[in-house]
Amino acid sequence: CLMGSGNWNEPDSPAHMAAFSKEQLGWLHYFNVTTDIDDLCLPPVETDPVAIRFWTDGALSTEYFIAENRQQIGFDAHLNGTGLVIYQVDEDVYSSRLLSNTVNAEETHKALDVECADATSAGHTSNADDLDSTSNRGDSGDVWCPSTQDTFDGSTIPDTRAYSGAATGV
């Protein structure tokens with residue numbers, strides 16, 4: 001369930017920092033999902049600094065997805081849309097490109113990629129969503145919520161495939 005009540009992308013707000021960055025700074029922790037869970041209640045990250053981390057069969061890997069519940073609370077009061085923000089993370093890319101400040105320079109294989117609910121193609125293709133095509137800097141269609149996009153799996157757009165193209169089973 002989602003709890004709580006957004007301008008999704010106000011770059012000057014520290015609250016708009018991704019869950020990955022917040023975890024790196026010790027400002028939030030991950031709840032690792034290792035099995036299918038029917039009823040997981042993820043509170044707003046603004047009130048409970050936790051995000052879920054998930055991957056194939058709950059395996060810990062350097063590539064995984066994280067999700068955080070963003071609601072119109074506190075620093076997030078001006079979000080364009082509320083719901084889950086899902087990211088695909090590749091820590092190997094992050095580590096190898098951090099010092100050159102190019103962690104997200106390759107559009108089809110980023111270290112930290114927002115899996116926009118309003119993407120127009122599956123897989124990791126150029127300009128697959130409005131963030132990558134620079135149509136906007138974030139909108140209400142980017143978040144996942146029951147009223148718009150409520151399923152994220154191997155057959156959705158975007159999908160849960162690994163950067164290699166392999167099915168993850170997520």
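1. Phenylalanine 65 has a relative accessible area of 0% and is therefore buried (buried: under 20% relative accessible area; exposed: over 50%; partly exposed: in between; 1.4 Å probe, protein chains only). This is a predicted model, in which local features need pLDDT of at least 70 and side-chain atom pairs count only at pLDDT 80 or more, while totals for chains, interfaces and linings use all residues. Residues are numbered from 1 along each chain as its sequence is written, and side-chain values use heavy atoms, with hydrogens and water left out.

2. The whole structure contains 5 aromatic pairs (rings of Phe, Tyr and Trp, the last by its six-membered ring, with centres within 6.5 Å; planes under 30 degrees apart are stacked, over 60 edge-to-face, the rest tilted). One of them joins tyrosine 30 and tyrosine 64: with centres 6.2 Å apart and planes at 70 degrees, the pair is edge-to-face. Tyrosine 30 belongs to strand β1 (residues 29-33) and tyrosine 64 to strand β3 (residues 63-70), so the pair ties together parts 34 residues apart in sequence (strands: DSSP runs of E, at least two residues, numbered from the N terminus).

3. Both tyrosines count as buried, tyrosine 30 at 11% relative accessibility and tyrosine 64 at 2%.

4. The rings of tryptophan 55 and phenylalanine 65 have centres 5.3 Å apart and planes at 40 degrees, so this pair is tilted. Tryptophan 55 lies in the loop between β2 (50-54) and β3, phenylalanine 65 in strand β3; the pair therefore ties together parts 10 residues apart in sequence. Tryptophan 55, at 11% relative accessibility, counts as buried.

5. One aromatic cluster is formed by Phe54, Trp55, Phe65 and Phe152.

Conventions
Helices (H or I, at least four residues) and strands (E, at least two) are DSSP runs, numbered from the N terminus.
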